Amino acid sequence: MGRLRKLLIPGVDKQLLIKDATKVMPDLARRRFISGGASLGALTLLTGCDVLDSSSAEEMLKKVSKFNDAVQAFIFNPDALAPTFPESAITKPFPFNAYYELDDAPEIDGKAWRFEVRGLVDNKKSWTLEELYKLPQVKQVTRHICVEGWSAIGSWTGTPLRDFLKLVGADTRAKYCWFQCADREGYNSPLDMRTALHPQTQMTFKFGDEILPRAYGYPMKIRVPTKLGFKNPKYVVSMEVTNDYKGGYWEDQGYNSFSGS
Amino acid sequence: MSSLAATGQPTAATAKVIQPAWVRVMHWINAVAMILMIMSGWQIYNASPLFQSLTFSRTITLGGWLGGALLWHFAAMWLLMINGLAYLIMGIATGRFTRKLLPISPRGVISDATAALTFKLSHNDLSKYNQVQKLLYAGIIVVGVVIVLSGLSIWKPVQLQYLTALFGGYDVARYVHFFCMAAIVAFLVVHVLLAILVPRSLRAMIIGR
């Protein structure tokens, strides 16, 4: 029993442990086990969880996540449309979801609010809500999928982002549209340009035919049905067209940056 | 096809290779990948449980929080998918699947299961699977394929929307993914238990004979 307990204690004498372990093995297996030399690696795993928690594991996971960004960008089809649904399929009530309570959601004065446009664009003017409302709008009923796993179907109405990018003379060869929001702690999120130009990616002003309520991101949300929910920023205050990866609220904490669906 | 209480020759059985090297290597890679996928999957499940009364203790999950678990899940998936695909190709190409897993008959399964439960099932020749083994091993391969496909349809419900539709939509695919996990965990419990009861089979999966 003493020996067995020792297995679980970090810093155990590994040579001794191998000796003990091989004693209980059949003859042939013993010889191969020792000659194989695979034992030390296996023992490190037994002596605690430090292998899984170490920063080297974290570095490895980050690299794989970057690789997964590239894979997702590769399989992303700019012409593939997210499935649309009849109005009867809309989830009611549509869930409010954020890293804060609804009471703490930004309360924005629509009259004072301006949408700032920065970076690689010809026209850097700020837009009032009134001006944005005049742009042609389309409605779409699509599925919102949260990184947590749940999903809900909603109806969003607004201007296709690609039309707006064209209107302001954005350099669409740039890598990202980076959005900043009015949420507490300053929510922000980068959107890759190919997704920004997807026909269903939308500057959303209405939910269920009503002006976007506070819970869903008044006065403007970026609705991206080809991305997970956290890549659909609410309470948007500015957009920067840029070649730099500027990170994002959740992306910086470890959520996969592309997070395409 | 059943191998009921036959008195085999142990000398001949121990001399030949029971599990070829490729099977052993892929088996253990799969074991590691499966455990990583299951433990990180439980942590992901906890973020939005399908069943209100069922959540997994953090002591048996991997990743610490949703973001960490997702990183593990989407890293280990490559290990699982590439290894699994290579295993399927090898299994079909070498004829191992047809040779070792077929035929399976309901009568054979019942008679071998009865023999196993009354401890009358012979394990003298580990190179030949009994009918219960054949059914479980063939079955778990199918479950393995379905869990990967349902996982892909949850991961990419727009890009792979026809696959997602095949599962009955995004929400149904989540349940399919969950129940495949449950089947694999159930298989794992029985599998490990039987390997402990017949240690020679575990040895064969490590050193081949």
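**Confidence**

The model is predicted. It scores ipTM 0.88 and pTM 0.84. In chain B the mean pLDDT is 91, and 93% of residues reach 70 or more. Residues 1-14 of chain B have pLDDT below 50. That stretch still has 27 contacts in the model beyond near neighbours in sequence.

**The sheet in chain A**

Chain A has nine helices and ten strands. Of its 261 residues, 33% count as buried. Among contacts in chain A with a separation of 6 or more, 67% link residues 24 or more positions apart.

Five strands of chain A form an open sheet in the order β2-β1-β10-β5-β6. The pairing is mixed.

Strand β1 (residues 114-119) of chain A runs antiparallel to β2(A), joined by two bridges. A:Phe115 has A:Trp127 in β2(A) as its bridge partner. On to the next pair: β1(A) and β10(A) are parallel, with four bridges. Here A:Gly119 stands opposite A:Val241 in β10(A). Strand β5 (residues 176-181) of chain A pairs antiparallel with β10(A) over six bridges. In this pairing A:Phe179 stands opposite A:Met239 in β10(A).

How much of strand β10 (residues 236-242) of chain A is buried? Five of its seven residues are, so the strand is mostly covered by the cut-off of 20 or more other C-beta atoms within 10 Å.

**Helix packing in chain B**

Two packed helices are described by the angle between their axes and the distance between the axes. Helix α5 (residues 106-117) and helix α6 (residues 131-155) of chain B have axes that come within 7 Å and cross at roughly 110°. α5(B) and α6(B) are therefore roughly perpendicular to each other. The α5(B) side of the contact consists of B:Gly108, B:Val109, B:Asp112, B:Ala113 and B:Ala116. They meet B:Gln131, B:Val132 and B:Leu135 in α6(B). By class, the residues of this contact are five nonpolar, two polar and one charged.

**The A-B interface**

Between the chains, 28 residues of chain A are in contact with 22 residues of chain B. On the chain A side, the elements giving two or more residues are α3 (27-36), α6 (55-75) and β3 (138-145) of chain A. The largest share, five residues, comes from α6(A). The chain A side has 14 nonpolar, eleven polar and three charged residues.

**Backbone geometry**

Most residues other than glycine have a negative phi, and most peptide bonds are trans.

| Site | Feature | Angle |
|---|---|---|
| A:Tyr218 and A:Pro219 | cis peptide bond | omega about 5° |
| B:Leu102 and B:Pro103 | cis peptide bond | omega about -5° |
| A:Asp209 | positive phi | phi near 70° |
| B:Phe119 | positive phi | phi near 60° |

A:Pro219 is in the loop between β8 (210-211) and β9 (221-223) of chain A. B:Pro103 is in the loop between α4 (96-101) and α5 of chain B. A:Asp209 lies in the loop between β7 (202-207) and β8 of chain A. B:Phe119 sits in the loop between α5 and α6 of chain B.

Methods: Residues are numbered from 1 along each chain as its sequence is written. Chains are lettered from A and ligands numbered from 1 in the order in which they are written. This is a predicted model: local features need pLDDT of at least 70, side-chain atom pairs count only at pLDDT 80 or more; totals for chains, interfaces and linings use all residues. Two strands pair if DSSP finds at least two bridges between them. pLDDT is the predictor's confidence in each residue, from 0 to 100. Two residues are in contact if their C-beta atoms, placed from the backbone, lie within 7 Å. A residue is buried if 20 or more other C-beta atoms lie within 10 Å of its own, exposed if 12 or fewer, and partly exposed in between; C-beta atoms are placed from the backbone. Axes are lines fitted to C-alpha atoms, for helices over the stretch in contact, and angles run from 0 to 180 degrees between N-to-C directions. Angles under 35 degrees count as roughly parallel, over 145 as roughly antiparallel, 65 to 115 as roughly perpendicular and the rest as oblique. Ala, Val, Leu, Ile, Met, Phe, Trp, Tyr, Cys and Pro count as nonpolar, Asp, Glu, Lys and Arg as charged, and the others, Gly among them, as polar.
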